Amino acid sequence: MTQQVHRGSILHFPKTTSDPAANYQYFNDGVLVTENGRIRHLGEASEFFKLPANQQRLNYGGVEMHKGLIIPGMIDSHVHFPQIEMIASYGKQLLDWLNEYTFPTEQQFANQAYADAQAEFFLNQLLSHGTTTASVFATVHPQSVNAFFCAAESLQARMICGKVMMDRFCPETLQDTPESAYRDSKALIERWHNQGRAMYAITPRFAPTSTPEQLAKAGQLANEHPDTFIQTHLSENLGEVAWIKELYPEHSDYLGVYEAYDLVRERALFGHAIHLEDREYRSLAQSGATISFCPSSNLFLGSGLFNFDRAKAEGIHVSIASDVGAGTDLSLFANQADAYKICQLQNSSLDPFESLYLSTQGAAAGMGIDHLVGNLNPGSEADFVELDFMASPILQQRLLRCKTLREQLFAIITLSDDRVIERTYLCGNLVYKKGSKVCGHNSTSGLRYLSNGSM
Ligand SMILES: [Zn+2]
């Protein structure tokens, strides 16, 4: 039977809003019904079980009971899968960090078997941290993208990924050319984009490591494939911004470089955007692009404090992202906690409903995928997570003393790590359960998780 009934506390944001604290939907005793990978029904348990047919299901135990809180699977709008192994690398800021740690690590992904193993590891880690969709940088090697999408396909995960385009200021073994980047990216788009749940992102790493000729090719691809994503970096570090002025003196500012090559539009995701000029804020708002706010990365690399209030006031789409391996945690709760601290340093308190929204419906809406993921509306794909309120003794004690849902949510965000994720579901299938082995299977299998190392 493909229909499954889940009963428990449920929280999500059913629509796009500028005031998530006033527009969430919460069921203390709710029911979520999934069917054929999608959400069929969401509502109060008392209403649902009034109907005799559903009452019978309750009597026969055909209902999965959840003690924790069910929320939509979270969306990480900027993360580098090859960098998971170099997370927590010491002592550098952006440009030195790339040379010292990132580039040597990424060279290993020329090896298909290595890329396959790391893709599977990374995806399982995402699921165990409650993230069910991510926009992911691979490496310059097309095989790294194939490795990632094959692993995602076996889990039926909705994932965005792209081959890094990079033809200067990096080791020769990591360089492509404008032509080869275009050709390889186009072949990957044709193979993967909109195949199953895969979606492609055209991925120039950032303007310094692409020649103008390569950015022109990226823009050509973006125009030829207008529903693909674009992902890159923008104004992360002051040294980087100064370098852009040297490399591209004819452009008004950093964003202006991307604009000149048709890379600023809906479904364009810009990591960081910390050191923006007034014009760049306005232009980002008009374009419909998204800023990926990467709090733990920005603190870790000492890049600066993202001005969330300004970006929101300008009407720019913002989502929260881990940016692992510069980010220090795949957990989007941990990144929400760092986002709160970054806002506090600017005399603003980020509301916990807002930060959860930025990792679910808000992220999906900005990226144009909220008809698919980011909420628990009937018709959406059934990607969701159950949280464990007993995840740690401190969290448990703190939650007992909370009087409101806002207080509870803030405590979860501030105190949680991957222990708070009890179960993760993709397309209605259980793919992760805390304390047990996670397994990728081919997409025809039913249950995607086997307990106690039984495989
Ligand atoms: Zn990044």
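Q: Which residues is Gln93 in contact with, leaving aside its neighbours within four places in sequence?
A: Contact means heavy atoms within 4.5 Å, and in this predicted model Gln93 is in contact with Asn237, Leu301 and Gly302, once its neighbours within four places in sequence are left aside. A polar atom of the Gln93 side chain also lies 3.5 Å from the backbone oxygen of Leu301.

Q: What should I know about the numbering and the confidence limits?
A: Residues are numbered from 1 along each chain as its sequence is written. Local features need pLDDT of at least 70, side-chain atom pairs count only at pLDDT 80 or more, and totals for chains, interfaces and linings use all residues, while side-chain values use heavy atoms, without hydrogens and water.

Q: Is Glu236 buried or exposed?
A: Buried means under 20% relative accessible area, exposed over 50%, and partly exposed in between (1.4 Å probe, protein chains only). Glu236 is buried, whereas Gln93 counts as partly exposed because its relative accessibility is 42%.

Q: Which side chain of opposite charge is nearest to Glu236, and how far away is it?
A: Lys and Arg count as positive and Asp and Glu as negative, with His and the chain ends not counted; a salt bridge is a side-chain nitrogen of Lys or Arg within 4 Å of a carboxyl oxygen of Asp or Glu. Glu236 has no salt bridge, and the nearest side chain of opposite charge, Arg205, is 8.5 Å away.

Q: Which residues does Glu236 touch, not counting residues up to four places away in sequence?
A: Among them are Leu94, His272, Leu301 and Asp323.

Key. Polar contact = N/O pair within 3.5 Å; in protein donor to acceptor, adjacent residues only side chain to side chain.
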